[in-house]
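Here is a short briefing on how two chains pack together.

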Amino acid sequence: MTDATFLEYVVFFSAAVMILGGAVGVIIMKNPVHAALGLVLTLFGVAVQFVAQQAHFLAAVQVIVYAGAIVVLFLFVIMLLGVDESMDLSIEPIPIQRPLAAVMGVGIVGLVGAAIIRARDALDINPGTGVANASDTGNNDANVQQLATNLYGDHVFAFQLTSVLLIVAVAGTVLMTRKWPRDEHGSSADHESSDV
Amino acid sequence: MIAVIEPTWYLLLAALLFGIGAFGLLVRRNPLIMFMCIELMLNAANLTFVALATQLGDINGQTAVFFVMVVAAAEVVVGLGIIVSILRRRPGATADDLAELKG
């Protein structure tokens with residue numbers, strides 16, 4: 001392990017600023033559309049960190065699945081339901097909620113951070129078999145090939161189960177959000193607009 | 001040459017991201033924003049997985065991230081379906097209005 005170059009620190013810290021700035025944006029923006037854009041910033045920052053750690057396939061999937069599909073789904077739902085700007089962040093329904101939440105957040109970061117710093121020597125082991133990466137092997141597809149061998153070898157059963165999960169999720173969502181036709185007796189199968 | 005920034009930095013960044021996500025989940029009352037905060041926490045976990053996979057030389061960490069992404073996609077589909085069907089019936093509902101399961 002050599003020392004990190006200046007450029008790598010620049011990449012790390014600019015991506016870190018993107019990630020944390022986007023995350024803060026998500027929780028302080030009043031307008032849900034702005035919050036979704038903050039989420040995009042965070043997800044791109046995470047993708048940059050993946051590239052910096054030679055996880056090229058995951059970086060591509062991160063951009064396509066998260067920043068593409070998931071955020072578009074969020075924006076679609078926001079637009080479908082109408083942007084609600086009346087949400088006033090100064091209203092605190094439970095008076096002590098925010099201080100308690102802040103204590104809990106700082107507590108989590110403090111505890112995990114302390115554990116990480118204490119364990120930093122334990123992390124400094126000699127890498128084992130190694131994660132293949134493009135610049136070491138000279139093979140630009142090294143990461144994808146190694147990941148594919150692992151995924152379709154050791155984890156092929158779990159991979160099959162994810163397809164079941166996706167089918168169940170899609171079928172369940174379609175079933176849940178469709179409007180049921182009213183039956184002949186005039187009563188609605190669900191309580192569509194029948195109660196407040 | 002593999003990534004040479006110490007994994008401790010990545011882990012600390014992920015811890016901060018997780019903390020922000022958890023804080024947001026507790027203080028925001030718009031169900032959509034709460035959902036985005038869950039995504040933030042999932043991404044913090046992914047960042048930790050990749051950092052340790054790189055450091056420990058074990059590709060299984062990256063496979064785990066792949067599965068987390070699949071589950072996150074399924075979770076978003078189901079969760080947004082629930083949110084749409086709730087908000088269609090009660091526009092502008094916040095998490096405080098949803099204290100009971102009864103429609």
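This is a predicted model. In it, B:Met36 touches A:Val26, A:Ala35, A:Ala36, A:Leu39 and A:Phe74, leaving aside residues up to four places away in sequence.

**The nonpolar core**
- B:Met36 is also among the members of the largest nonpolar core that touch the most other members.
- Chain A supplies at least two residues from each of H1 (6-28), H2 (32-52) and H3 (56-81).

**H3(A) against H2(B)**
- The two helices pack at an angle of about 175 degrees, and their axes are 12 Å apart.
- Because of that angle, H3(A) counts as roughly antiparallel to H2(B).
- H3(A) makes the contact through A:Leu58, A:Ile70, A:Phe74, A:Val77 and A:Ile78.
- H2(B) contributes B:Leu32, B:Met36, B:Glu39 and B:Val50.
- By class, this contact has eight nonpolar residues, one charged residue and no polar ones.

**Chain B facing chain A**
- Across the two chains, 69 residues of chain B are in contact with 81 residues of chain A.
- On the chain B side, H1, H2 and H3 each give two or more residues.
- H3(B) gives the most, with 22 residues.
- The chain B side divides into 47 nonpolar, 17 polar and five charged residues.

Terms used
Residues numbered from 1 in each chain as written. Chains lettered and ligands numbered in written order. Predicted model: local features only at pLDDT ≥ 70, side-chain atom pairs only at ≥ 80, totals over all residues. Core = buried A, V, L, I, M, F, W, Y, C linked by C-beta atoms within 7 Å. Buried ≥ 20, exposed ≤ 12 C-beta atoms within 10 Å, placed from the backbone. Helix = DSSP H or I, 4+ residues; strand = E, 2+ residues; numbered from the N terminus. Contact = placed C-beta atoms within 7 Å. Axes fitted to C-alpha atoms, helices over the stretch in contact; angles between N-to-C directions. Parallel < 35°, antiparallel > 145°, perpendicular 65-115°, else oblique. Nonpolar A, V, L, I, M, F, W, Y, C, P; charged D, E, K, R; others polar.
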